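Hi,

Here is the structure I promised to pass on.

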Amino acid sequence: MKVKYFAWVRERVGLDEETIEPPAEVATVSDLISWLSARGEGYAFAFEKPGVIRTALDRTHVRPETPIAGAREVAFFPPMTGG
Amino acid sequence: MTVPVTIRIQDADFDIAAEIAAITAGRTDIGAVVSFSGICRGAEGDDAVAALTLEHYPGMAEDEIGRHAAEAVKRWPVTALTIVHRVGRMLPGDNIVLVLAASSHRQAAFAAAEFLMDYLKANAPFWKREERADGTRWVEAHDRDDAAAARWSKD
């Protein structure tokens, strides 16, 4: 699946997007955040407060308990500040 | 009649008068146009802000605004909607966002414009970074923006 990062999540991870293949036991958004956090210092810093991070699956806002199976694109970002 | 909805995300500035003229041209059923424009402030409290840079999630930002525009069309008898959101670097005094809501009468236009702005601030994937004398920092979201959006919720 493709992963996109925005705003300070992007800066902390050090990437704007990448393609990942998480193992089968990574079932939910919350699992994915834990799995990504273990990939390196930048990821751990970006996801240090998972409760702050917002997630979109295929460009729709979702909650941490949402299953990721079948999603083509997941995006992580801070709370929105547009307008 | 299908309500014309225009949604644009762009680097370039916009002209409010031209946008209003574009939705009212050739129509005699529009009795009210409410416009909201968001403008870059030169200070946040006591701290001067030299510039703002806006980032967005291309595709999702348009989708989110489109979904809320469709909801506004369902909820109020609006006859045209325009939403323009700029991205990139803006200086104090520059335009950031424009919402236009047209209707036969003013109540629907006021309500739809306010609804759209509240939802846009809480849900549309845009992020602001401020440049100040001591460096740059991402603007933090306010709980009050979520509360403003929540008051339109019907459940």
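Let me start with charge on chain B: there are 17 positive and 24 negative side chains, and the centres of those two sets sit 4 Å apart. Bear in mind throughout that this is a predicted model.

Staying with chain B, you'll find four helices and 10 strands. Going along the sequence, they come in the pattern β-α-β-β-β-β-α-β-β-β-α-β-β-α. Its radius of gyration is 16 Å, close to the 15 Å that the globule rule gives for 155 residues, so chain B is as compact as a globular protein of that length. If you box up its C-alpha atoms along the principal axes, you get roughly 50 × 40 × 30 Å. Of the 155 residues, 47% count as buried. Take the chain B contacts between residues at least 6 apart in sequence: 77% of them join residues at least 24 apart. The accessible surface of chain B is about 7800 Å², and carbon and sulfur atoms account for 51% of that.

One residue in chain B I looked at in detail is A101(B), which belongs to strand β8 (residues 95-103). Is it buried or exposed? A101(B) counts as buried because its relative accessibility is 0%, and the cut-off for buried is under 20%. Leaving aside residues up to four places away in sequence, A101(B) touches several others, among them A32(B), V33(B), V34(B), A80(B) and L81(B). There is also I20(B), 81 residues away along the chain, whose C-alpha atom is 9.4 Å from that of A101(B).

Now for chain A. It has three helices and five strands, running β-α-β-α-α-β-β-β from the N terminus. The radius of gyration here is 12 Å, close to the 12 Å from the globule rule for 83 residues, so chain A is as compact as a globular protein of that length. Its C-alpha trace spans about 35 × 30 × 20 Å along the principal axes, and 43% of the 83 residues count as buried. On the charge side, chain A carries 10 positive and 12 negative side chains, with the centres of the two sets 6 Å apart.

Finally, the interface. How many residues of chain A are in contact with chain B? The count is 20, and they meet 28 residues of chain B. About 1900 Å² is buried between the two chains, 56% of it from carbon and sulfur atoms. R59(A), T81(A) and G83(A) supply 37% of the area that chain A buries against chain B, more than any other three residues.

Cheers

How values were computed
Residues numbered from 1 in each chain as written. Chains lettered and ligands numbered in written order. Predicted model: local features only at pLDDT ≥ 70, side-chain atom pairs only at ≥ 80, totals over all residues. Heavy atoms only, no water. Helix = DSSP H or I, 4+ residues; strand = E, 2+ residues; numbered from the N terminus. Rg over C-alpha atoms; globule rule 2.2 N^0.38 Å. Buried < 20%, exposed > 50% of the residue type's maximum accessible area, 1.4 Å probe, protein only. Lys, Arg positive; Asp, Glu negative; His and termini not counted. Charge placed at Lys NZ, Arg CZ, Asp CG, Glu CD. Contact = heavy atoms within 4.5 Å. Buried area = accessible area lost by both parts, 1.4 Å probe. Areas by Shrake-Rupley, 256 points an atom, 1.4 Å probe, with all protein chains shown as cover.
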